[in-house]
Amino acid sequence: MELIKTAFFGSTKSKVQLIGVIAALVILFLSPQFLNTYMPNFLAKLIAYVVLSLSWTIFSGKTGYISLASAAFYGLGMYIEALFGMNIPLPVVMVFAAAVAFAVAFGVGVVTLRLRGVYFTIFTFGLALFLQKSILWIEVKFFHTKGRMVLAYSNEAVFYCVLVVFAILIFVVILMNKSRFGLALDCIGQNEDSAQHIGVNTTMTKVLAFAISAAPAGAVGAAIGTSIGYVDPDIAFNMLLSFLPVLMAIFGGMRSMYGPIVGAVIFFVLQDYLMREYANLYMIIFGAVMVVVILFMPKGIFGLVDKAIAKRQRNFDGEVIGDVK
Amino acid sequence: MTLFLTVLINGCILGSVYALVALGLNTQYGVAHILNIAHGEFIILSAFITMTLYAGAGLHPLVALAVAGPIVFAISFVLHRTLYKRVKDMSANIGEFEGNAILVAFGIYFIVQNLMRDKWGSATSGYQFMAFPVRIGPADIAANNLFVLLWAVVICVVYYLFLMRTRTGKAIRAAAQDAGAAALLGVKINTIMALCFAIGGLLAAFAGVLISMKEPFTTVSGMNYTTIAFIVVVLGGLGNVKGAILGGFILGIVGYAVSTYDTGMMFAVFYLIVLVLLIVRPKGLLGR
Amino acid sequence: MSNNVLIQGIGLTKRFGGMTAVNCVDFELRDGEILGLIGPNGAGKSTLFNLISGFIPTDSGETAFLGKKITGLTPNKVCHLGLGRTFQAAKNFPDMSLRENVRMGALFGVPDQTYAKAETETDEIIAYIGLGKYAGTAVPDIPLAGQKQIEVARALATKPKVLLLDELMAGLNPAEVDEAMALVKKIRGTGVTVLLIEHVMKAIMNICDRIIVLHHGALIAEGTPEQIGSNKEVIEIYLGEV
């Protein structure tokens, strides 16, 4: 309770943020009224990207352990919808998908996050491929099929489902940033040895954060799955979706929660445009952008903005006021 | 008995290629700290170069070793000198560098894969080479496979001797153990890192040439080899040369044994091996 | 009260590959004392600290803290039992201010700590160490002596009964060494027992009640500063070193 109070009403800044977030959600909520029927579909996919990038940041952005498992959790959600969607309503399946993603991530975390270093990245990288091949094997062996039809929902229904996930996620992120848990993650990211020696249960904190970050990916995977019509393991587990969230988050900048959101929006719009206009070049451009972003703007767009502001202040006053970091 | 022998020989054939693939990745990670996700793409690139030379100009596939090898070596060297060097300079510590390097490697993966797709399409490619069986005891083994085994072993042995016997090899081993100390002793660490990244590329190219002789490939199958390399490297111990070779052969034999039962299960079994290993012995089989 | 044993190490051993970094070390840390741990570079001092705090696993032997076995516990649990430590190279949270660094100690170091209490304790400790002028400063902008003091402050914020200090004075100028010595005495004055690794001989001889000496991983001498100062073996090792 105390946490909710400080997180949302603690300072003028947090109050403004709360009003802004609620206003944005309300506008999004009402938007289908004013848009053509294609737009909710576009927006649903865009928000799904935002959810992937923001939820990735919860764990990897804070701790510096790069997870390449987004595609695994997203695909898991998609496949779960394909399995159960015919009989169970989408929102229920989404909750279930989130729970499964949480559980899988928890298990993976327990095994790999005891270890420092690159093992976690390697293992999460293989996870999507492992699930893809294993599910394919099960399907072919026991069900004599490669994929499954998915019950379609209206564009609006999918949009609202994804929007709810986004709304929950954003409040969770705001709460986490102010909570003991979020601070513990900050400590781990900045110096894990020290964090452990001042009493942070680092392994448990990491595992839990990783599991929490997996759940939204599972939920939106289930929702977006319904708009595809047919899902097979190759479609569900697309490695690109493991790297996109990383890129979008870095592209936006990870110092605030708005970075990954802005990064995802810009990327999605760019991707949509490139795929339509330059289908052949799209992936090559994507790769080049990735390299350029890492090399030239490691702090993301928000980092560039910070830099620009600092420079302006220097120009006006002759010395640096802003924090250039 | 026949089955056992077949599995053993074919497993070793598969394993020799895995070892070669992993050896390249291991050299890149062990010294330059780059977990090269684009590794498999250079394997496939070399496979296509080999096919083009063989089908187009009628050259023996082994000639491709002398063509694809230097090409990938040069590309890798330049990539390290330009991109990775810059990433290294701007990263605060080794952990941050490893993270950024993975992402840059992924960008390169996308560029290379899609350039190849533009050039060669996405259909399965391959060519016929030494397609006749050889009888070993009671087992029939494909001649091209034995040829691949022979050359993979030769390359592994030559590389091992290079590391152990030559001056450069010793510098590489020193850098792998402690880059800072090696630098103090006069090893040009940036050159060694670029060189190791390039040697990793060279080994990938050799692996690609050999792979093209024995099995079909597509422009998108590179990731499979990269993943295998990751698994072998974890199995043998990160940065451990002997471990990569041993791990490659073990995985090859296990993989072939599983695939005689059901090919679809192969990757799942590999992944479970890694899972168990990380729980029981995270340093890898030969890790210190 | 003063002779109660707080930490007892029995046969502590750690091997790295073929090298034995800490070899069957027995020692005890008594309530209220300042115990110095000295020895040449590579003698295994920091490794011994790492074994005590649970940072690396012990190969054989065990450490007891207040009569309770702590070998095998993770550092966070050892911290909650009342053992704080610093590192040879300061390990701070670089993106936080000094005050935030200390607050993290107060918040996580004490089980079931409330936010309000963590805040007041943070301010108390910063004032106590005398770091008030840097409270809002980002860590990278604080000079070396200050960086080491942040670690001490953060460790103290976890309310330890025992504080392990790893080369608090390395790299400091003589004036700063004097300040650091005063700080260690002040900390002991509040009832915190101190075990410290140090190379600055003047400080060791001045502030320690007892000294133990490690060489090649083994404990070779133990005694008061006077006894250690006149111990032939110790002098030889140090002269041989120089």
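Guide: Happy to! The contact between them takes 6 residues from domain 1 of chain A and 7 residues from domain 2 of chain A, where two residues are in contact if their C-beta atoms, placed from the backbone, lie within 7 Å. Domain 1 covers 2–238 and domain 2 covers 259–325, with bounds that come from an automatic or database domain assignment.

Some ground rules first. This is a predicted model, in which local features need pLDDT of at least 70 and side-chain atom pairs count only at pLDDT 80 or more, while totals for chains, interfaces and linings use all residues. Residues are numbered from 1 along each chain as its sequence is written, with chains lettered from A and ligands numbered from 1 in the order in which they are written.

What lies between the domains? Both domain 1 (2–238) and domain 2 (259–325) of chain A give residues to the largest nonpolar core, so this core lies between them. Such a core is a set of buried Ala, Val, Leu, Ile, Met, Phe, Trp, Tyr and Cys residues joined through C-beta atoms within 7 Å. This one has 278 residues, and those with the most contacts inside it include A:Val162 and B:Val21. The most comes from helix H8 (residues 189–214) of chain B, which gives 18 residues; helices here are DSSP runs (H or I, at least four residues), numbered from the N terminus. Beyond four places in sequence, B:Val21 has contacts with B:Ile43, B:Ala207, B:Tyr225, B:Ile228 and B:Ala229.

Back in chain A, helix H4 (residues 70–84) holds A:Tyr74. A:Tyr74 counts as buried because 34 other C-beta atoms lie within 10 Å; the cut-off is 20 or more for buried, 12 or fewer for exposed, and partly exposed in between. Among its contacts beyond four places in sequence are A:Leu52, A:Val220 and A:Leu241. A:Ala214 is 140 residues away from A:Tyr74 in sequence, yet their C-alpha atoms are 8.3 Å apart.

How far can you trust chain A? Its pLDDT (the predictor's confidence in each residue, from 0 to 100) averages 86, and 94% of the residues score at least 70. Residues 315–325 of chain A stay under 50, and the model has 11 contacts for them beyond four places in sequence. Where pLDDT is low, predicted coordinates should not be read in detail.

Key: Helix = DSSP H or I, 4+ residues; strand = E, 2+ residues; numbered from the N terminus.
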